[in-house]
Amino acid sequence: MKRLIRLTINDRFFEVAVEPNQTLVDLLRYQLGMTGTKKGCELGDCGSCTVILDGKAVNSCLVLAMQADGRTIQTIEGLETENGLHPVQKAFVEKGAIQCGFCSSGMILSAKALLDENPNPDDLQIRSALSGNLCRCTGYQKIIEAVKSAAQSENTRCTCQRSTGSGENP
């Protein structure tokens, strides 16, 4: 029997009926049409289904849709704004960290969750944050470089915003 849940996805409120055994990845992809969240192994091993749930990167194939009731989710579709790509997306493109693209949305969201929590991660912290995401195309060096580049970009932007906010010249 379906149950009505309420959740916020990419700053938009949704009220949807879901089956008790329906996963979050299936809700996002097949019921809401957010196909940027990829469905890979369905075991939580590959990370292609990664979304940010209440600020934490999670494998949406391991989360039941009912567990998302009342919670906030960010998918890859919610990163780009009218100002363009998110700095993490931009860094992945600029550093050549995107090959076939299947793992990219999960990698990018894992990186964003890391940078939201730790804006200056070291290599070990980056590798640890991305350890649940598998890439079969590039190897990981370009991906690590992209996350570092995004961190520098984020830090530069934050510095500019603080300087502007305090009346100093950026």
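## Strands E3 and E4

Strand E3 (residues 50-53) and strand E4 (residues 56-59) run antiparallel and are joined by four bridges; strands pair if DSSP finds at least two bridges between them. Strands (E, at least two residues) and helices (H or I, at least four) are DSSP runs, numbered from the N terminus. Val51 has Val58 in E4 as its bridge partner. Two residues lie between the strands of this hairpin, where Asp54 takes a positive phi near 50°.

## Basis of the values

This is a predicted model, in which local features need pLDDT of at least 70 and side-chain atom pairs count only at pLDDT 80 or more, while totals for chains, interfaces and linings use all residues. Residues are numbered from 1 along each chain as its sequence is written, and side-chain values use heavy atoms, with hydrogens and water left out.

## Ser105

Ser105 is in helix H3 (residues 104-117). Ser105 counts as buried because its relative accessibility is 6%; buried means under 20% relative accessible area (1.4 Å probe, protein chains only).

A polar atom of the Ser105 side chain lies 2.8 Å from the backbone oxygen of Gly36. Apart from neighbours within four places in sequence, Ser105 is in contact with Gly36, Thr37, Lys38, Ser48 and Ile76, where contact means heavy atoms within 4.5 Å.

## Second largest pocket

A pocket is an open set of points on a 1 Å grid, where a 1.4 Å probe fits, with protein on both sides within 12 Å along at least five of seven lines; lining residues have an atom within 4 Å of a point. The second largest pocket has a volume of about 150 Å³, the space filled by probe spheres set on the points. Residues lining this pocket include Ser48, Cys100, Phe102, Cys103 and Arg136.

Terms used
Buried means under 20% relative accessible area, exposed over 50%, partly exposed in between (1.4 Å probe, protein chains only). A polar contact is a pair of N or O atoms within 3.5 Å; within protein, one must be able to donate a hydrogen and the other to accept it, and residues adjacent in sequence count only if both atoms are side-chain atoms.
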